[in-house]
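I'd like to walk through some side-chain contacts with you.

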Amino acid sequence: MNDSQSLSSSSADSGSIATADQNVGRSRRSGGDGGQTLGSEPTSRRWRDVFWLGIFVIHLVGLGFVLSVLGLNRFKKMDRLKIDRYMQRVLENRKELTETYWPFYALAGGVGTLLGWIWLLLLGSQANYMMKVSVHILTTYLAVISVLCFWGEQFFWGVAFAIGAALQFFYVISVIDRLPFTMLVLRKAVKMVWSLHEVIRVAYVFMLVMLLWMGLWSFGAAGVVASSMDDGGRWWLLVVLSVSLFWTGAVLCNTVHVIVSGMVFLVLIHGGQEASSMPPNSLIKSLRYAVTTSFGSICYGSLFTAAIRTLRWEIRGIRSKIGNNECLLCFVDFLFHLVETLVRFFNKYAYVQIAVYGKSFNHSARDAWELFQSTGVEALVAYDCSGAVLLMGTLLGGLITGTCAGVWTWTKWSDRVIMVGSTAMLMGMVLVGLAMVVVESAVTSIYICYAEDPLLIHRWDAEFFNQMSETLHQRLQYRSARAREVLTHSRFDAQMQETLPI
């Protein structure tokens, strides 16, 4: 009974927490774990998560060697390095070379880079329109690709894209009431990023770095597609290469995330980029920390955060539309609490703490989540779908890239369409994601600043502060009402069990 009362009172009183506990944020900004704050006097930061930094570097060097061997083995000459003899069980009589398929990947890299650059160029004027298009057109695009796969007798991929279209449709329906607030947050994040021209240039540079790595990656992937292995062997190798590309792309995206979020945090803390208190060379410091002392934390977090975030979005969307199906609700609640536990240690808000305080990844993720829960801002973060909207734009960019490469492949080698198209799609997603992460970084920094000291947001944009505060109040009221409803049902069920004869 005491637990029920404490739950009800904490839900009812949490509406005042967000504005009453502002001093907590000021003490947190001093770098409570002994790490150096981004804007403080220059002292040496400790290297964090060095083990994962070593793993990533070893993986990169080893994979670079493997990619070179796979590509060179069939470059202008079949079995140049005489490694086909190690594949006797899976040989096929095919005479393609690496350069047969490498141009298809070159097209994918060009299209992905073009889409990413277009996004950055139109960020200030058409970003809101582009995000709305991404949300509404993705379902249709997935459905069309599904039909094309069935038409080409690729039944597995037809079913996969059809399921993707259905999941996308039901997710958008489940969060349709959240989209107005989400678009508001994204517009304000775009406003912040567009005023920091140097971070846009950072995104361009990292996109070029990723494109250079993709040149080597696609060289090896083209060698795999042209190899003498059967389709099963090719697919296994391509899956391994794709996982590596995903991790490498996520590391570069999150490095940009750390750089941009550090800059946005400083701008909000100091009241503008032109403020006299703004530390000099802030971007250079943020970049240096991101690629040195904090790079191990970025490598570690990049392995898990994307998958956990996507799973959390889907479960939240399903959970909100289940209704009174208690059996299904119980199962989904179990999954929800499991994912929420993982989110405590793997979330994108950790990158702001990494940028500003130089903490380890798990420490940063835990501190960020505890900050949200102690101030009630977690209710606002859970209501916001900005990450999902940006992911939809990333997926759409990847699909367009994969379609372009797949169509060209179909005109030359129709039996390699799915193999080339799917890997080209991943290349496009990574390149477009490097553009999208600029906005996502601003979103995470805005929420961290709002949780640490709401007056920071009020000083930057008073109208936006009022809209955030109103939405937070509504969400806390909704949670309080839902908690009371659950408690009422629990008491009723307990009373019914007591009155029923045994």
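Let me start with a term: a charge sits over a ring if NZ of Lys or CZ of Arg is within 6 Å of the ring centre and within 35 degrees of the ring normal. With that in hand, look at Lys191, whose charged end sits over the ring of Trp460 at 5.3 Å from the ring's centre. Arg45 does this too, with its charged end over Tyr289, 3.9 Å from the centre of that ring.

Quick housekeeping. This is a predicted model, where local features need pLDDT of at least 70 and side-chain atom pairs count only at pLDDT 80 or more, while totals for chains, interfaces and linings use all residues. Residues are numbered from 1 along each chain as its sequence is written, and side-chain values use heavy atoms, with hydrogens and water left out.

Side chains of opposite charge can pair when their charged atoms come close. The cut-off here is a side-chain nitrogen of Lys or Arg within 4 Å of a carboxyl oxygen of Asp or Glu. How many salt bridges does the structure hold? Five.

Lys191 belongs to a salt-bridge network together with Lys188 and Asp461. Inside it, Asp461 and Lys188 form a salt bridge, with the closest N and O atoms 3.0 Å apart. The two are 273 residues apart, with Asp461 in the loop between α19 (454-460) and α20 (462-499) and Lys188 in helix α8, so the pair links distant parts of the chain. For the helix names, helices (H or I, at least four residues) and strands (E, at least two) are DSSP runs, numbered from the N terminus. Helix α8 covers residues 179-194. The side chains of Lys188 and Asp461 are also joined by a polar contact of 3.0 Å. That term means a pair of N or O atoms within 3.5 Å; within protein, one must be able to donate a hydrogen and the other to accept it, and residues adjacent in sequence count only if both atoms are side-chain atoms.

So is this pair buried or exposed? Both Asp461 and Lys188 are buried, where buried means under 20% relative accessible area, exposed over 50% and partly exposed in between (1.4 Å probe, protein chains only). Lys188 counts as buried because its relative accessibility is 16%.

Two other salt bridges to look at. Lys359 and Asp367 meet at 2.7 Å, N to O, and both of these residues are buried. Then there's Arg416 with Asp415, where the closest N and O atoms are 3.6 Å apart. Here Arg416 is buried at 2% relative accessibility, whereas Asp415 is partly exposed at 42%.

On to the aromatics. A pair of aromatic rings is described by the distance of the centres and the angle of the planes. Rings of Phe, Tyr and Trp (its six-membered ring) pair if their centres lie within 6.5 Å; planes under 30 degrees apart count as stacked, over 60 as edge-to-face and the rest as tilted. That rule gives 24 aromatic pairs. One of them is Phe169 with Phe170, edge-to-face at 5.6 Å centre to centre and 70° between the planes. Phe169 is partly exposed at 43%, and Phe170 counts as exposed at 54%.

Now compare Tyr349 and Phe372. Why is that pair edge-to-face? Because the planes are at 90°, with the ring centres 4.9 Å apart. Tyr349 lies in the loop between α13 (326-345) and α14 (350-357) and Phe372 in helix α15 (residues 361-375), so the pair ties together parts that are 23 residues apart in sequence. Both Tyr349 and Phe372 are buried. While you're there, find the aromatic cluster formed by Phe51, Trp52, Tyr300, Tyr351 and Phe361.

Last stop, two long-range neighbours in the sequence sense. Ser134, in helix α6 (residues 127-151), is buried at 8% relative accessibility. Its C-alpha atom is separated by 8.3 Å from that of Leu390, 256 residues apart along the chain. Thr409, in helix α17 (residues 386-412), is buried at 0%.
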